[in-house]
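Dear colleague,

I am passing on the structure below, followed by some notes on what came out of the analysis. Please read them alongside the coordinates.

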Amino acid sequence: MTAPSRVERRPDPLEDSVLVQASQTDPQRFAELYDRHAPDIHRYAARRLGDTAADDVVAETFLIAFRRRDRFDPSRGAARPWLYGIAGNLIAGHRRSEVMQYRLLARTAVDPVVEGHHERSDSRVAAAAVTRQLGAALARLSKGDRDVLLLVAWESLTYDEVAQALEIPIGTVRSRLNRARKKVRKALGGADPTAAREEFTRG
């Protein structure tokens with residue numbers, strides 16, 4: 001299965017709320033929510049589990065979301081945190097595969113999302129060493145710290161959105177992110193993993 005093309009324009013959160021509410025009486029409207037967010041969810045899951053498992057995660061994420069759409073709080077507007085939260089719970093069921101994915105990244109420096117989209121160049125080759133270090137560092141993080149770090153660094157979620165996705169207080173988001181940053185920064189020789197996003201978010 002080919003990953004859906006990435007949506008460049010960030011969807012209007014108010015439109016999400018309208019779509020979820022409309023799908024209560026017209027289930028076909030939920031397909032629009034899939035079209036808006038499936039590419040980002042797939043990219044995120046692929047980086048954590050690999051492309052094949054990501055297909056299953058995306059399908060299951062939207063199936064669960066559809067079944068639970070009556071629980072969605074329209075006052076939140078954006079559906080992204082809700083969907084990432086569901087996907088994260090599914091990814092948690094593949095913890096061993098996830099750690100293996102990071103160890104593979106550490107050995108090969110091949111990002112399943114970025115690789116194939118860009119020709120190799122001197123700068124890409126130089127970045128491979130950083131990618132290996134990142135993979136090794138991610139494999140050593142606790143699940144909670146890793147979830148927060150990747151939602152911020154890879155998916156650009158705000159602290160409030162991460163708190164919604166993981167159903168934890170913002171204070172916990174900050175403490176986990178701070179802890180994860182310190183560990184990964186040490187592994188990267190001082191580079192901030194959430195500041196240097198470009199290399200790990202292109203695809």
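Leaving aside residues up to four places away in sequence, Glu155 touches Asp40, Arg43, Tyr44, Arg80, Tyr84 and Leu150, where contact means heavy atoms within 4.5 Å. The model is predicted, so local features need pLDDT of at least 70 and side-chain atom pairs count only at pLDDT 80 or more, while totals for chains, interfaces and linings use all residues. Residues are numbered from 1 along each chain as its sequence is written, and side-chain values use heavy atoms, with hydrogens and water left out.

Glu155 sits in the loop between α7 and α8, helices being DSSP runs of H or I with at least four residues, numbered from the N terminus. Its relative accessibility is 3%, so Glu155 counts as buried (under 20% relative accessible area, with a 1.4 Å probe and protein chains only). The side chains of Glu155 and Tyr84 are joined by a polar contact of 2.4 Å (a pair of N or O atoms within 3.5 Å, of which one must be able to donate a hydrogen and the other to accept it, and residues adjacent in sequence count only if both atoms are side-chain atoms).

Turning to the helices, residues of α2 that meet α4 include Asp40, Arg43 and Tyr44, and those on the α4 side include Arg80 and Tyr84.

In α8 (residues 159–166), the buried residues are Glu161, Val162, Ala163, Gln164 and Ala165, and the buried residues of α8 pack against α4, α7 (143–153) and α9 (170–187). Just after α8, Glu167 adopts a positive phi of about 55°.

Definitions and conventions. Helix = DSSP H or I, 4+ residues; strand = E, 2+ residues; numbered from the N terminus. Buried < 20%, exposed > 50% of the residue type's maximum accessible area, 1.4 Å probe, protein only.
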